[in-house]
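Subject: Structure handover and notes

Dear colleague,

I am passing the structure below to you, together with an account of what was found in it. Please read the notes beside the coordinates.

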Amino acid sequence: MSYLPNIAFLLILSLSLGYFISNIIKLKRNINLGVDLDIDLSVNRKKRWANMAKIALGQSKMVRRPIVGALHAIVYVGFIIINIELLEIVIDGLIGTHRIFSGMGVFYGFLIASFELLAVLVIFAVSVFWIRRNLIKVKRFFEDSMKGWPKLDADLILYFEIILMSLFLLMNATDVNFQNMDNGNIISGFIYPLFENYSAESLHVMERVFWWMHIIGILLFLNYLYFSKHLHILLAFPNTFYASLENKGKMNNLKSVTNEVNLMLNDNSATLEENSEENMNDIMKFGASDVSDLNWLQLLNAYSCTECGRCTNVCPANITGKKLSPRKIMMNTRDRLEEVSKNIDKNKGGFVDDGKKLIDDYISREELWACTSCNACVEECPISIDPLSIILDMRRYLVMEEASAPAELNNMMSNIENNGAPWPYNQMDRLNWKD
Amino acid sequence: MADYIAEGKSPEVLFWIGCAGSFDDRAKKITKAFVKILNSINVDFAVLGQEESCSGDPAKRAGNEFLFQMQAISNIEVLNSYDIKTIVTTCPHCFNTLKNEYPSLGGNYKVYHHTQFLKSLLQQGRLKIKGGSYKGKKITYHDPCYLGRANNEYEAPRDLINKLEAELIEMKRCKKNGLCCGAGGAQMFKDAEKGNKEINIERTEDIKETNTEIVATGCPFCNTMLSDGAKTIEDERKISVMDISELIANAQEL
């Protein structure tokens, strides 16, 4: 009988870790639905690690807004540090001990004291975040695409965090032995008096209830990540590692197009043969109309996005009332990818055409054509997401597969084709500025 | 350029004029101003003239990778046939494309934006800049996206403005946070999508806030957009939109 809690703990722990891992595997599968991307990791490896350390771990871009940056840092540090406590909880739960590390004396007190202090700071920071979202209503949290699940998701994360931190403090406050040790209870020591009137027996029951709720809450939160924008706490790291190191103005040259252009420009029969053979094996599609045409980094970007809206906030098109919102591009990409993922699961590993695609069904042409390619969104993203590359790939699809650019752009392009300038001027007049 | 080859010489630098600088009436003045500066200090430069063609930037940003690469590959053929090593251009879009997107197609050149080139002439002691009529004047600077965020060049144009002994007043959105003029990504060639404001008006309001009469920039397209913006919201105070090369040429009375 006395082993029952240990067995229950083991069961809950394995079930939740198992489910979490299965979702991570699914996440990897979904990201790999994207096309390959040439990233040469043998060069600039150091720079990539440095970017990850600076931007993801060091949150260098978050401090651009000092107040929210500091609050975010509290929650972040709090979460990492307090999770050290998780180790003790797991050991206690598995082998039936109680506060197995408490023998460490003063050091244990120091650890618990810092956890308690951070817990209070996290509750404070998260409350400010809640106020920003629900009372002050900061503008960037309120566009049409943020209604429904995204809003609920954001609030749920905040509730989760407040509840977990409160349970941690309550668990300590109702632990009579721990309070009697008077070692590190710098916050819970002040909550303890509230429970003075309860008997030792009922305090013990309360402590157990808080302890179980706390660990179960953490495991639930862990499993919630996959379904939430909160996934950024994990994916910010690979995202900043793999992010482009090139000048932001550089847009990739499509190799498939280079082959075709070379074919058109040189009628060298050797290259012709070589290339046509290549083409036979691989029917090419230019640009992206759905998530599987995007590359895996763009899909990783979509899963990493935490919907903060800093990109949309600086987008010149969005500022002037156009439909385009870089955040929505990322959210739509993830939503469509999840839809494809569910389709694959339902059809036992193979995608069955559902007649939908990312373009039109999720992202409208009007949004795509409103972009000025100014890179403000890319510059602003705290974890180096690149919405612009997705916009460009979808424009490529519209122009090269559908020939459906706006008429004025078709004019511009036929001018370039015919007289080497976007306007209808004669190439022979190029030197007329001299007169 | 063909004349240089006929004489068996090679110039110090090729001036890539760009379509705006060749055909747009306002931008032609920028071309002339830059040429005046180069001539005044005997910089040996050539132009491609009728052999120059669109860099392909607007086609690429509109999604037409075919047209872009056709333009790029034929331009690279011309540039390589003249064995060009160094290019300077007054257009950040040409600058970005030639510098970042031509190399993997076989075009490897040292590419400078004219503000970078002028700064290096200044550092070499070949170019001297005095403030002239701009001495003590308040000037603000608009960062072209394709020079600033796209290629991380924020300082060269500002260094030149400071050389004019002018007082540089920054807009609230500047450098990395600079707001686009609205022309990039092929927007120059189409009407904007439905919204509640034009982007160039939004940007011109930033300029107005600085209480300066001159806004300097380094891009012919920004120049057009901001000039239009200034005309639209003009009141008693005139805002003149000037390229940095024009400011320098005027100050040296060239």
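To begin with the two domains of chain B, 26 residues of domain 1 of chain B are in contact with 27 residues of domain 2 of chain B. Please keep in mind throughout that this is a predicted model. On the side of domain 1 of chain B that touches domain 2 of chain B, at least two residues each are supplied by α2 (18–23), α3 (25–40), α4 (57–62), α6 (92–101) and α7 (114–123) of chain B, and the largest share, 8 residues, comes from α3(B). Sorted by class, that side of domain 1 of chain B has 12 nonpolar, 8 polar and 6 charged residues. As for the bounds, domain 1 of chain B covers 2–121 and domain 2 of chain B covers 129–251, and the C-alpha centres of these two domains lie 23 Å apart.

Chain B also holds an open sheet of 4 strands, in which the order is β6-β5-β7-β8 and the pairing is parallel. Its edge strands, each of which pairs on one side only, are β6 (167–168) and β8 (240–243) of chain B. Strand β5 (residues 138–141) of chain B pairs with β6(B) in the parallel sense over 2 bridges, and B:Lys138 has B:Glu167 of β6(B) as its bridge partner. Helix α8 (residues 155–163) of chain B packs on this sheet, where it touches β5, β6 and β7 (214–217) of chain B, and the direction of this helix makes about 175° with that of β5(B).

Turning to the interface between the chains, 53 residues of chain A are in contact with 56 residues of chain B. The elements of chain A that each supply at least two residues of the side touching chain B are α10 (255–265), α14 (316–319), α17 (365–369), α18 (376–380), α19 (387–401) and α20 (407–419). The residues on that side of chain A divide into 30 nonpolar, 12 polar and 11 charged.

Two packed helices are described by the angle between their axes and the distance between the axes.

For the pair formed by helix α1 (residues 4–31) of chain A and helix α8 (residues 200–224) of chain A, the packing angle is about 15° and the axes are 9 Å apart. Because angles under 35 degrees count as roughly parallel, α1(A) is roughly parallel to α8(A), and the crossing of α1(A) and α8(A) is left-handed. A:Ile12, A:Ser16, A:Tyr19 and A:Phe20 of α1(A) make the contact with A:Ile216, A:Leu219, A:Leu222 and A:Asn223 of α8(A); these residues divide into 6 nonpolar, 2 polar and no charged.

In the other pair, the axes of helix α9 (residues 232–242) of chain A and helix α12 (residues 296–304) of chain A come within 9 Å and cross at roughly 150°, which makes α9(A) roughly antiparallel to α12(A). The crossing of α9(A) and α12(A) is likewise left-handed. From α9(A), the contact draws on A:His232, A:Leu235, A:Ala236, A:Pro238, A:Asn239 and A:Tyr242, and from α12(A) on A:Leu297, A:Leu300, A:Asn301, A:Tyr303 and A:Ser304. By class, the contact of α9(A) with α12(A) has 7 nonpolar, 4 polar and no charged residues.

With best regards

Notes
Residues are numbered from 1 along each chain as its sequence is written. Chains are lettered from A and ligands numbered from 1 in the order in which they are written. This is a predicted model: local features need pLDDT of at least 70, side-chain atom pairs count only at pLDDT 80 or more; totals for chains, interfaces and linings use all residues. Two residues are in contact if their C-beta atoms, placed from the backbone, lie within 7 Å. Ala, Val, Leu, Ile, Met, Phe, Trp, Tyr, Cys and Pro count as nonpolar, Asp, Glu, Lys and Arg as charged, and the others, Gly among them, as polar. Axes are lines fitted to C-alpha atoms, for helices over the stretch in contact, and angles run from 0 to 180 degrees between N-to-C directions. Angles under 35 degrees count as roughly parallel, over 145 as roughly antiparallel, 65 to 115 as roughly perpendicular and the rest as oblique. A crossing is left-handed if the near helix is turned anticlockwise from the far one by less than a right angle, and right-handed if clockwise. Domain bounds come from an automatic or database domain assignment. Two strands pair if DSSP finds at least two bridges between them.
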